[in-house]
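Please look through the structure below with attention to its backbone, beginning with a sheet and moving on to some individual residues and peptide bonds.

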Amino acid sequence: MSLLKPFSKLPNINTASILLVESEEHLQQSLADVLVEESSITVNVRLAKSLPLPKENDKDRPRIDLVVFIINLSSEQSFISAEASLKYLDPGYFLGKVCFMVTSARSAAVPTERMDAVRKLAASLHSPLLFAEHQTSEGVAAAAERLLGILKVSAGVVPMTTALYLSNLTRCTLPTDIEQPSFD
Amino acid sequence: MNDPGKCLLKRVIRRIPANMLKTTLSHWGRVSDAQLQSVDFTTSKWALTEKLLNICEENELTVKHVTELEMIHVIDYPNLGMWYAFQLFDPDDAAPSVDMTQFKEQFKFHLSKLMRNVSVKIKKHTDEAIWIRVAWGDGFSRPNHMKPTYVVHHLQSSYVFVTRLTSKLKPLLSQALVLSTRYQGIKDANLSGRNLAALRNLLMRQYQQVFSTKFSTPLAEKSENISNPQIEREQAESATKRHQMACEAFGDGVLPQLQSAVYKLETKFRDHNNKTMTDREEPFKCIVKFTSTNLLESLRHCASSGIASTPVTPLLSSVPVKGRNYFVITDNVPGSSSQTNRPQK
Amino acid sequence: MDRATTSAASTPHRSALVKRRSKSKSHRQSYRSCSGGAASRIGLTPALTARRLNTSRKAPKSLNITERVNAEHLALLVKTKWKLCYATPLYQFRHTMLKSYARQLSAFIVAEKQRGLAVEVEGAQNHFRASFSVLQGLAEADDPETILIQIHSKPLFSSSEEPQRCVWSGWLSCINGNLDYLHSLPQGFTCLPLFGSSGTEVLTTLVKSWCQKTFDCSFGPLEINYTSLQWFMALLTNCHTESNIQHLKMIWSIPVEPPLQVAFTVSPQDAWELWSSVRTATRDLADPGGCIDFEEVERFTQGLKSHFYRHFRLDLSAGSLKEVSTALGGASINGRVKISNSRYMITTLALLTECALLKMPI
Amino acid sequence: MERASTKGVLGHLSLLETQMRSCRGKHQQLNRTEQLKAKVEALCVQKEQLKVELHTLQRLQKVRSTLDGNGADDEMDDDSENADILQLMAKCARLKDLLHAHHLIGGYDVVKTRQDKGLCITLTTAYEGIYLDTYHLEMDLSPKLRISRHDIPPFIPLNSLVETTTQTALRPFLDFLSQHLNAFTGRKQQLKLVKEQHKSVEVMESNVLCSVLVLLVRVPERKLPVLCILDYTDHSRSLPTGVKFECDDEPPNFEQWKKSCRILLERPVHKALITMKSLGCIV
């Protein structure tokens with residue numbers, strides 16, 4: 001089983017590469033277009049529908065500094081396919097090099113149980129959970145800005161901080177009473 | 001002009017869009033150019049109708065002439081309801097040589113034999129399509145021109161398209177069609193939709209199908225072109241394979257506009273984690289109806305985006321392949337292909 | 001607003017209940033302080049944020065409420081398709097002052113009309129009369145009685161003796177709402193969270209703005225999300241043994257270009273047999289009144305989806321469920337509901353009340 | 001980028017962010033030399049591959065020459081184990097050339113599809129040296145030879161063609177089908193040319209299969225209108241099988257009509273009309 005390893009390759013200077021995993025393959029494209037405009041470091045963006053990644057382009061794939069799972073809450077399959085992709089990641093990634101991005105969280109049609117499931121998953125993996133608004137360009141720009149912040153840290157270009165340290169601050173936590181039986 | 005003629009004319013004028021009214025009337029040829037000039041087409045439809053009514057009175061036009069006008073309009077704007085496709089089968093040897101005049105006489109002769117007062121108007125359109133307008137009158141009353149049936153047929157092609165036909169009158173029309181085209185029988189082609197051209201293109205295969213040919217032209221690549229070297233799609237190859245299979249199943253480019261497909265499923269329930277239902281004898285009866293503004297393009301996008309798995313299941317791909325959008329699926333035929341399959345594959 | 005202080009002031013005769021709750025509250029406080037989680041810093045009041053739809057509920061008993069509810073009201077409830085909204089608790093609402101509310105609302109509508117607000121309903125209507133009445137027989141134990149609001153009017157040029165037609169009707173109700181929440185409300189507040197309306201949008205907004213002014217409450221659209229729709233499907237299918245549901249119809253929408261809609265209609269007997277096959281063995285099927293829990297509901301939907309997938313190789317969970325309907329009633333995601341059989345009125349309204357209560361601001 | 005609609009702290013925050021982003025957007029020049037080095041490397045690899053291919057082709061040519069001229073193949077026995085591979089490759093190359101030849105003479109191409117479980121046949125039709133429509137036929141090989149998909153119009157009786165030719169013999173069926181399609185395209189093209197070149201001749205009637213053609217021609221004397229009816233009952237040929245003339249009053253001279261009939265039977269209709277005009281049979 002081809003595990004994606006965080007430290008299997010040498011990083012090249014002043015570049016950071018990010019892997020966006022989204023089964024709808026919709027938001028990841030617009031995010032990528034914004035991310036590559038970043039000028040302070042060269043950002044390589046790899047887009048994938050799900051993991052595992054095909055072996056043939058293993059050799060020319062740069063070292064991935066951050067893996068982002070984009071989950072669209074309005075479709076059940078989006079969460080299931082993201083969860084299924086997790087087992088193809090080397091445990092080393094879960095030290096601050098994985099983050100979850102959720103879209104259409106505000107749409108009322110989304111059942112709260114699905115939101116809880118994503119929150120529990122992110123909390124159990126100690127990784128941050130970001131919310132994005134994917135329909136407007138401002139929403140995409142803001143989401144890209146947040147990802148860029150985490151990417152720079154996990155690529156090690158930000159002095160005095162590491163991915164693990166940042167993830168401790170930003171990791172998703174569960175409200176304590178979520179476990180309690182609801183209502184009567 | 002009698003009353004039916006008047007109200008038919010009112011309805012036709014109301015239906016023809018204002019900007020098309022002048023050309024349609026000149027195309028009709030029953031109104032002289034001078035009279036056409038005298039009509040001010042910018043006024044309200046109500047005033048226009050009154051003016052045209054007077055002109056028709058002047059030219060002593062009868063309801064028959066007005067039906068010609070309606071026919072010209074319907075040929076330009078055919079999508080005024082649901083069109084149903086029928087298929088003639090087992091042609092006898094004289095069928096290939098039936099020509100327009102023969103067909104016209106035979107059809108009128110047979111139909112009037114089957115039902116006394118019925119008014120039939122047959123017109124050949126430039127694209128070799130024969131348009132038939134039938135106004136039915138039951139036993140005693142005169143033909144009702146307000147509820148005509150329209151029939152479109154290409155000679156020597158075995159397909160007939162019908163709209164606004166009541167089930168009571170269907171056997172009469174079928175009989176007349178069979179006798180006048182010298183085929184043995186006619187049956188429902190299980191294809192219906194609101195867009196006549198789409199049904200015809202689908203059955204006459206006049207849309208861009210995709211085959212893997214020796215010099216395969218590159219398929220219209222999906223919208224995003226990754227110009228930026230820094231963005232790399234990991235599973236690009238499997239995405240193009242999915243897109244290729246989707247186009248092979250449903251066709252490329254703009255597809256005929258079907259609105260819906262209906263599947264009547266009467267197959268056994270099979271689910272590995274539900275033993276009780278799987279052992280059940282009787283079939284699990286349900287009806288699935290897909291609807292969209294352009295069904296074939298929606299299904300193609302399902303396949304290319306991976307929502308529907310590829311290769312596409314024969315149930316979905318047989319809509320374009322067999323030119324049908326109504327299926328009854330049962331278990332007795334292996335691979336649950338449709339039970340009422342037609343002799344012509 | 002720390003909840004602990006106000007609840008003590010609730011009416012004395014429920015003291016037994018109060019004692020039980022205070023013990024569990026202290027336990028929760030201790031647990032929260034030791035975890036020191038980020039939650040406490042952000043000031044979430046834990047008790048209410050965790051409210052989720054019940055994960056198990058009683059199966060709908062076919063209650064013959066025809067003699068409890070007056071026939072004319074019941075007929076109205078059954079034949080109309082209602083648009084749902086949630087309403088926050090009403091302040092100083094008195095069931096005794098319905099007459100004056102009716103007068104105030106009529107005056108309000110006529111005043112709005114004078115101010116040129118387009119109020120015409122199928123042609124100019126000049127004379128509006130609102131009426132408030134209590135819809136007896138629906139409320140359960142502690143629920144406040146349901147209120148029915150109707151607006152009658154006469155077309156402008158109609159003769160005087162022509163009867164006034166009902167152009168708009170709506171109701172505010174609470175059917176076995178959550179006792180904790182009802183009791184936690186401070187004095188003077190009545191909780192009627194579920195608001196159903198049918199009639200022109202203009203009149204609906206008028207009634208809402210009048211309520212907001214008079215009872216200092218606020219309204220909002222009540223969507224029925226995927227979980228509630230699944231509950232609807234299971235509850236309605238479960239009633240098949242008593243009254244025939246004739247069909248179980250689901251409408252899914254698939255996010256493709258152009259958007260695709262799938263209408264999946266299952267024959268009643270097959271739907272019921274699938275439903276009873278997923279009920280866990282422990283339930284004896286003979287007693288349909290037993291408790292249903294959400295795993296069974298999910299297995300039921302999963303069974304339907306896998307049957308669909310086996311034929312079309314298309315996973316419905318990539319799309320979203322938009323509408324569920326049977327002969328006994330149906331619900332759609334944008335908050336439209338039709339209850340076409342009075343026997344299951346109570347259960348349906350109870351489920352909807354629960355959805356509405358979830359929307360209550362803390 | 002001023003937006004009045006966002007009020008409050010969050011709106012202001014994102015406003016500041018967008019301003020900050022737009023001011024630092026200068027584009028950084030990618031390192032030029034790295035690009036060139038990568039290109040050089042790729043070219044070397046390609047050169048290597050081409051050399052190997054050339055070598056195998058030469059060996060193949062040698063084997064083909066021995067295979068065709070079945071000359072002495074003793075010098076091949078030194079590396080016998082890739083001798084049979086080369087034999088196979090030679091056979092395969094020959095088959096490919098045959099298929100290519102078929103393509104050139106307007107026959108058809110055959111391509112394997114769906115991991116060799118299917119065949120896709122492309123039938124190109126041409127008339128008077130111009131390539132016109134191409135039709136495709138996808139057939140399943142597994143269980144038995146069956147047409148799974150095609151884009152041949154329904155008035156070409158595909159099923160009766162399949163039944164008449166035996167199931168296994170694919171080539172005669174394809175030849176027969178290709179003949180039918182070419183005839184149909186030929187008739188359609190002739191009709192198009194008649195409409196373009198002969199304004200004086202009016203096409204009264206034809207049908208989708210172009211198996212019936214009714215023309216209105218004028219006889220020079222007194223511009224008498226004459227109906228000329230051409231029947232193409234044999235759908236595998238693009239020449240009519242029967243020609244009839246209908247005229248209101250009796251035809252002026254019978255001899256000329258017989259000559260016109262013969263011309264119409266032997267020559268494509270648009271050319272026949274030209275000769276009839278030059279002979280003065282029609283205007």
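Two strands are said to pair if DSSP finds at least two bridges between them. The model shown here is predicted, and in its chain D the residue Val203(D) has Leu215(D), in S6(D), as its bridge partner. Four bridges join S5(D) to strand S6 of chain D, residues 212-219, and these two strands run antiparallel. They belong to an open sheet of four strands in chain D, in the order S5-S6-S7-S8, with antiparallel pairing. At its edges are strand S5 (202-206) and strand S8 (242-247) of chain D, each of which pairs on one side only. On average, neighbouring strands of this sheet are turned by 25° against each other, direction ignored.

The remaining features concern backbone angles. Most residues other than glycine have a negative phi, and most peptide bonds are trans.

In chain B, Arg182(B) has a positive phi, near 55°, without being a glycine, and it is found in the loop between helix H7 (170-181) and strand S6 (183-193) of that chain. Arg182(B) counts as partly exposed, because it has 18 C-beta neighbours inside 10 Å. Asn190(B), also not a glycine, has a positive phi of about 55° and lies in strand S6 of chain B. Since 20 other C-beta atoms lie within 10 Å, which reaches the cut-off of 20 or more, Asn190(B) is buried.

Two peptide bonds are cis. One joins Thr310(B) and Pro311(B), with omega about 0°, and Pro311(B) lies in the loop between helix H11 (295-305) and helix H12 (314-322) of chain B. The other leads from Glu257(C) to Pro258(C), with omega near -10°, and Pro258(C) has its place in the loop between strand S10 (248-254) and strand S11 (260-266) of chain C.

How values were computed
Residues numbered from 1 in each chain as written. Chains lettered and ligands numbered in written order. Predicted model: local features only at pLDDT ≥ 70, side-chain atom pairs only at ≥ 80, totals over all residues. Axes fitted to C-alpha atoms, helices over the stretch in contact; angles between N-to-C directions. Buried ≥ 20, exposed ≤ 12 C-beta atoms within 10 Å, placed from the backbone.
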